Amino acid sequence: MNRRQALYTLVGGALSAGCAATGRPAGASSPEGTLLPPTAGPRDRFLSRCIRCYRCGEVCTAGCIEFHPPWASPTVAGTPYIVPRRAGCNTCMRCTQVCPTGALTPVEAERSAVLDQVRMGLAYVDEGLCLSHLGRICGVCHDACPYSGDAIVLGPGARPEVLDACVGCGRCEERCPQVPAAIRVFRDEPGPRWSGPPWSPRIEGEAT
């Protein structure tokens, strides 16, 4: 057990005891709109294989991988997630190469390999918020995308169009100048609750 794991165990035990004493729930599941690391695949499969070793976060060069705290739901406590509005994935793919259990499938960082094998989610554009759709040429999302031309293109007036090759890295959402972001990324498996563009609640602390 490394230092981080020991700290999570200690804090988690203390908080669980406190929650039990007060009758409050120990925590919630994943925040809405979060992503799993690249090549995680179906959420249930990923959670069943992740051993909370934190190696993915230790090697992440983008600093985008966060971990659910020990007081979260036991199903997700200690597991990694990404909030693209705070930091999108730069697809260095190092997390996939250090995962010891196969929770993340190893993929090389070459453009063709990432485009072929990575699907963290899909970006959606809110035309009511997008500056280019409102007549003010922007194009920041296109410029931020590491796979522009394949994953996203600009139409007339620099209006962004997301293509099927989008890997869901979230760099577009991170860089969008609008608040809330006019382009957001959602997991490929949104489930029946989503219909049409799956707009989630704003990230906590984001201005309205």
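Reader: I'm starting with the prolines, so where is Pro-180 found?

Author: Pro-180 is found in the loop between helix H7, residues 171-175, and strand S6; helices here are DSSP runs of H or I with at least four residues, strands are runs of E with at least two, and both are numbered from the N terminus. The model is a predicted one, in which local features need a pLDDT of at least 70 and side-chain atom pairs count only at pLDDT 80 or more, while totals for chains, interfaces and linings use all residues. Residues are numbered from 1 along each chain as its sequence is written, and side-chain values use heavy atoms, with hydrogens and water left out.

Reader: And what joins Val-179 and Pro-180?

Author: These two residues are joined by a cis peptide bond, with omega at about -5 degrees.

Reader: Moving on to S6, which way do its residues point?

Author: Strand S6 covers residues 183-186, with Ile-183 and Val-185 pointing one way and Arg-184 and Phe-186 the other. In a regular strand the side chains alternate between the two faces of the sheet. All four of these residues in S6 are buried, where buried means under 20% relative accessible area, exposed means over 50%, and partly exposed is in between, with a 1.4 Å probe and protein chains only.

Reader: In what sense do S3 and S6 pair?

Author: Strand S3, residues 122-125, pairs with S6 in the antiparallel sense over four bridges, and two strands count as paired if DSSP finds at least two bridges between them. Within this pairing, Leu-122 stands opposite Phe-186 in S6.

Reader: Let me step back: how many helices and strands does the chain have?

Author: The chain has seven helices and six strands, and along the sequence they follow the pattern α-α-α-β-β-α-α-β-α-β-β-α-β. Of its 208 residues, 42% count as buried. Among contacts, meaning heavy atoms within 4.5 Å, those between residues 24 or more positions apart make up 66% of the ones with a separation of 6 or more.

Reader: New topic, how many salt bridges does a search of the whole structure find?

Author: The search finds five, a salt bridge being a side-chain nitrogen of Lys or Arg within 4 Å of a carboxyl oxygen of Asp or Glu. One of them brings together the side chains of Glu-66 and Arg-86 at 3.0 Å, N to O. That pair links distant parts of the chain, since Glu-66 is in strand S1 (residues 65-67) and Arg-86 is in the loop between strand S2 (80-82) and helix H4 (94-98), 20 residues apart. Glu-66 is partly exposed at 23% relative accessible area, and Arg-86 is partly exposed too, at 46%.

Reader: What about Arg-111 and Asp-150, which parts do they tie together?

Author: Their side chains meet in a salt bridge at 2.8 Å, N to O. Arg-111 lies in helix H5 (residues 111-117) and Asp-150 in the loop between helix H6 (140-144) and strand S4 (152-154), so the pair ties together parts that are 39 residues apart in sequence.

Reader: And which residue forms a salt bridge with Arg-175?

Author: That is Glu-174, with the closest N and O atoms 3.9 Å apart. Salt bridges with shared partners join Arg-171, Glu-174 and Arg-175 into one network.

Reader: Back to the loops, is Thr-79 buried or exposed?

Author: Thr-79, in the loop between S1 and S2, is buried, with a relative accessible area of 1%. Its side chain reaches the backbone oxygen of Val-76 at 2.5 Å. Leaving aside residues up to four places away in sequence, Thr-79 touches Leu-47, Cys-50, Arg-52, Glu-66, Phe-67 and His-68.

Reader: Last one, how many disulfides does the structure hold?

Author: There are zero disulfides, a disulfide being a pair of cysteine sulfur atoms within 2.5 Å. The sulfur of Cys-89 has its closest cysteine sulfur in Cys-64, and the 4.8 Å between them is too far for a bond. Cys-92 is in no disulfide either, as the nearest cysteine sulfur, that of Cys-60, is 5.7 Å away.

Technical notes
A polar contact is a pair of N or O atoms within 3.5 Å; within protein, one must be able to donate a hydrogen and the other to accept it, and residues adjacent in sequence count only if both atoms are side-chain atoms.
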